[in-house]
2 protein chains.
Amino acid sequence: MALRVYDPRPAEADSPTYGAVRTDLIAAARCPVVILAVPVSRLSDVVAAIAPHLRPGTLVVDVGSVKMMPVAIMRAGLPAGVDILGTHPLFGPQSAVGGIVGLKIAVCAVSGRRGRRAAAFLRTVLRLKVIVTTPEAHDREAAAVQGLTHLIARVLVAMEPLPTHMTTRSFSLHMQAVDMVRHDAPEVFEAIERSNPFAAEVRQRFFTLAAQIEADLAREDHSAAIARPSLMKAGTNAGA
Amino acid sequence: MALRVYDPRPAEADSPTYGAVRTDLIAAARCPVVILAVPVSRLSDVVAAIAPHLRPGTLVVDVGSVKMMPVAIMRAGLPAGVDILGTHPLFGPQSAVGGIVGLKIAVCAVSGRRGRRAAAFLRTVLRLKVIVTTPEAHDREAAAVQGLTHLIARVLVAMEPLPTHMTTRSFSLHMQAVDMVRHDAPEVFEAIERSNPFAAEVRQRFFTLAAQIEADLAREDHSAAIARPSLMKAGTNAGA
């Protein structure tokens with residue numbers, strides 16, 4: 001089956017085509033399977049643009065980092081007789097460097113025969129680990145998994161330059177995690193932190209717990225100064 | 001050379017001895033090399049207790065996670081004629097599971113012939129990567145490396161249970177980093193966050209940058225609501 005791509009941006013001479021043929025929006029919308037690989041913030045407009053051109057029995061798939069909002073947009077904007085599959089490949093260019101076999105993909109809102117067949121294709125042909133879930137269950141877990149990953153990465157990148165020489169294994173693992181998302185498109189951070197209805201709550205918990213740890217350290221400092229005046233004096237000298 | 005150990009706690013029947021013979025504090029202090037493997041908060045008392053029993057030419061080594069305070073305590077409390085070596089093995093039981101060859105150790109305050117010989121022993125016999133540094137340079141880097149690692153670990157552990165199934169590679173790397181320090185003795189966290197004079201500053205930068213990211217997200221949310229009212233409406237429906 002031919003792979004056709006519609007991209008509003010002009011093709012760059014050196015960009016790989018992966019065997020795909022560029023086409024226009026209408027011709028892309030008339031394919032039997034339509035994959036919407038667009039930022040979550042653009043999905044509403046794209047769904048409106050393709051809706052009049054979709055044929056009955058088409059399977060429409062999205063690949064966004066959140067699932068409640070995209071599935072709601074597709075359900076509201078796509079015509080009856082079109083099957084919908086919400087997916088979230090839990091990997092990006094960094095983690096798929098060695099191929100995608102065994103990597104995870106969350107799928108939800110599997111509607112109709114075509115949705116189920118597509119999930120089977122992902123499992124048996126692409127050999128991905130298919131995690132069947134609901135949009136809400138997905139977004140609750142992703143708020144923690146991706147919300148925390150991207151939040152920590154943002155803060156650590158803002159703190160750079162960080163040590164690269166006198167490092168521990170644990171620190172190196174955190175920095176490897178940062179390296180996997182540091183080049184993600186800004187739209188990915190936007191989708192994860194803003195379009196996931198549970199992300200703000202996760203960030204709030206993170207900050208509250210961090211503030212609590214900071215307060216505990218301040219309190220222990222004070223009691224330690226009372227209990228061990230000689231040690232604290234040595235500490236002050238050492239710090240001077 | 002016989003390895004002698006003084007431990008104020010009684011030996012447990014099932015604890016490994018690594019060929020060491022238990023002895024009392026005075027006999028331990030009279031060995032040619034004395035390694036102080038004690039919490040930083042106890043170092044001052046231990047130095048005072050061993051000082052009268054050390055023989056001239058003894059090499060005293062500490063292994064604490066900070067270096068300014070321990071080196072200052074040893075310099076102030078140990079008699080003249082005793083060589084001092086401050087060390088910080090940049091690994092723990094989790095990262096040394098497969099052996100210590102190639103792992104990192106910071107050494108500083110190398111004083112006298114014995115200190116230099118000990119550093120050479122660590123490099124050529126134990127085959128560690130020896131990083132020669134100063135107490136202050138060590139503590140500045142460790143404040144970031146260990147301060148951030150343990151701070152992030154504390155917060156993430158407090159947030160548990162976290163997802164274990166629908167995870168990304170980046171999230172798994174963060175959790176592996178957490179697993180390497182989650183069973184560390186509380187004294188390690190204390191030393192890293194309280195006895196390092198630069199740790200509070202690193203935590204402050206972390207919190208300030210995190211708060212800034214949070215404020216940016218809140219501001220962008222507001223402007224997005226004005227610019228794309230239809231999308232935000234779809235988002236609200238999806239979240240309900």
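**Close-up views of a predicted two-chain model**

**View 1. Strand 5 of chain B beside strand 4.** Strand 4 (residues 59–62) of chain B and strand 5 of chain B are paired in the parallel sense over four bridges, where strands (E, at least two residues) and helices (H or I, at least four) are DSSP runs numbered from the N terminus, and two strands pair if DSSP finds at least two bridges between them. This is a predicted model, in which local features need pLDDT of at least 70 and side-chain atom pairs count only at pLDDT 80 or more, while totals for chains, interfaces and linings use all residues. Residues are numbered from 1 along each chain as its sequence is written, chains are lettered from A and ligands numbered from 1 in the order in which they are written, and side-chain values use heavy atoms, with hydrogens and water left out. Within the pairing, B:D62 stands opposite B:G86 of strand 5. Between strand 4 and strand 5 of chain B the chain passes through helix 3 (residues 68–77), a right-handed β-α-β crossover, meaning that, with the strands pointing away from the viewer, the path from the first strand over the helix to the second runs clockwise.

**View 2. Strand 5 of chain B and its burial.** Seven of the seven residues of strand 5 (residues 83–89) of chain B are buried, so this strand is largely enclosed by the rest of the structure; buried means under 20% relative accessible area, with a 1.4 Å probe and protein chains only. In a regular strand the side chains alternate between the two faces of the sheet. Here B:D83, B:L85, B:T87 and B:P89 are buried on one side, and B:I84, B:G86 and B:H88 on the other. Strand 5 of chain B is also joined by four bridges to strand 6 (residues 104–108), which runs antiparallel to it, and B:C108 is the bridge partner of B:G86 in strand 6.

**View 3. Strands 3 and 4 of chain B.** Strand 3 (residues 33–36) of chain B runs parallel to strand 4 of chain B, and four bridges join them, with B:V61 as the bridge partner of B:I35. The chain crosses from strand 3 to strand 4 of chain B through helix 2 (residues 40–50), and this β-α-β crossover is right-handed.

View 4. A:T149 lies in helix 5 (residues 135–159) of chain A and is buried, with a relative accessible area of 2%. Leaving aside neighbours within four places in sequence, A:T149 is in contact (heavy atoms within 4.5 Å) with A:A144, A:V181, B:T168, B:S170, B:F171 and B:H174.

Note on methods: Buried < 20%, exposed > 50% of the residue type's maximum accessible area, 1.4 Å probe, protein only.
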